[in-house]
Amino acid sequence: MFKKLFGSSEPKEEKILPWQALTDSSQLETIVEKSKTKTQVVFKHSTRCGISSMVMKQFVSAYDLDLNVDLYYLDLLSYRSVSDEVGYKFQVMHQSPQLLVIKNGIVVTHASHGAINDVDLGRYA
């Protein structure tokens, strides 16, 4: 009964996603090329934003590890120029947090803030 009320003292196992760090704008050409055969997903995250952190936790919790996509993580505070280049390259206005789904060289959907967790990635995989 106490476990139900106050939670278990056992630590929760944290899910580890297969993130690839997006740290250089030269990686964008690789993402475009790879998107021709496999869906590419970019998660832009602001490490100083509480909303971004909350959305990131929800995304990680809900993410299906069996998805056949390449998943990129962009710390936009550390790599602001890369974040800017993502916007130019894929013609998507910058927001944070933001998720971009790329297929055949173009963004097929994108979302920001709470709407990120409404994106059905399985639909694009």
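Here is a short tour of this structure, one selection at a time.

**Before you click**

You are looking at a predicted model, in which local features need pLDDT of at least 70 and side-chain atom pairs count only at pLDDT 80 or more, while totals for chains, interfaces and linings use all residues. Residues are numbered from 1 along each chain as its sequence is written, and side-chain values use heavy atoms, with hydrogens and water left out.

**Stop 1: the whole protein**

You'll find four helices and five strands, where helices (H or I, at least four residues) and strands (E, at least two) are DSSP runs numbered from the N terminus. Following the sequence, the pattern reads α-β-α-β-α-β-α-β-β. Of the 125 residues, 39% are buried; buried means under 20% relative accessible area, exposed over 50%, and partly exposed in between, with a 1.4 Å probe and protein chains only.

**Stop 2: the sheet**

Now select the strands. What order do they take in the sheet? It is β1-β3-β2-β4-β5, an open sheet of five strands with mixed pairing. The edges are β1 (19-21) and β5, each of which pairs on one side only; two strands pair if DSSP finds at least two bridges between them. On average, neighbouring strands here are turned by 25 degrees against each other, direction ignored.

Zoom in on β2 and β4, which pair in the antiparallel sense over five bridges. Pick Lys 44 and look across to β4: its bridge partner there is Gln 98.

**Stop 3: the aromatic cluster**

Show the side chains of Trp 19, Phe 43, Phe 59, Tyr 63 and Tyr 73, which form one aromatic cluster. Rings of Phe, Tyr and Trp (its six-membered ring) pair if their centres lie within 6.5 Å; planes under 30 degrees apart count as stacked, over 60 as edge-to-face and the rest as tilted. By this rule the count is five aromatic pairs. Take Trp 19 and Tyr 73: their ring centres are 5.6 Å apart and the planes sit at 65 degrees, so this pair is edge-to-face. Trp 19 belongs to strand β1 and Tyr 73 to strand β3, so the pair ties together parts 54 residues apart in sequence. Trp 19 counts as partly exposed at 27% relative accessibility, and so does Tyr 73 at 23%.

**Stop 4: helix α4**

Select residues 80-90, helix α4. Which of its residues are buried? They are Val 82, Ser 83, Val 86, Gly 87 and Phe 90. These cover an arc of only 145 degrees around the axis, which puts them on the same side of α4; the arc is that of the directions from the helix axis to the C-beta atoms. They pack against α2 (27-34), β2 (39-45), β3 (69-75), β4 (98-103) and β5 (106-112), with contact meaning heavy atoms within 4.5 Å. Just past α4, Gln 91 takes a positive phi of about 55 degrees.

**Stop 5: Thr 23**

Finish in the loop between β1 and α2, where Thr 23 lies. Leaving aside neighbours within four places in sequence, Thr 23 is in contact with Tyr 79 and Val 82.

Technical notes
Axes fitted to C-alpha atoms, helices over the stretch in contact; angles between N-to-C directions.
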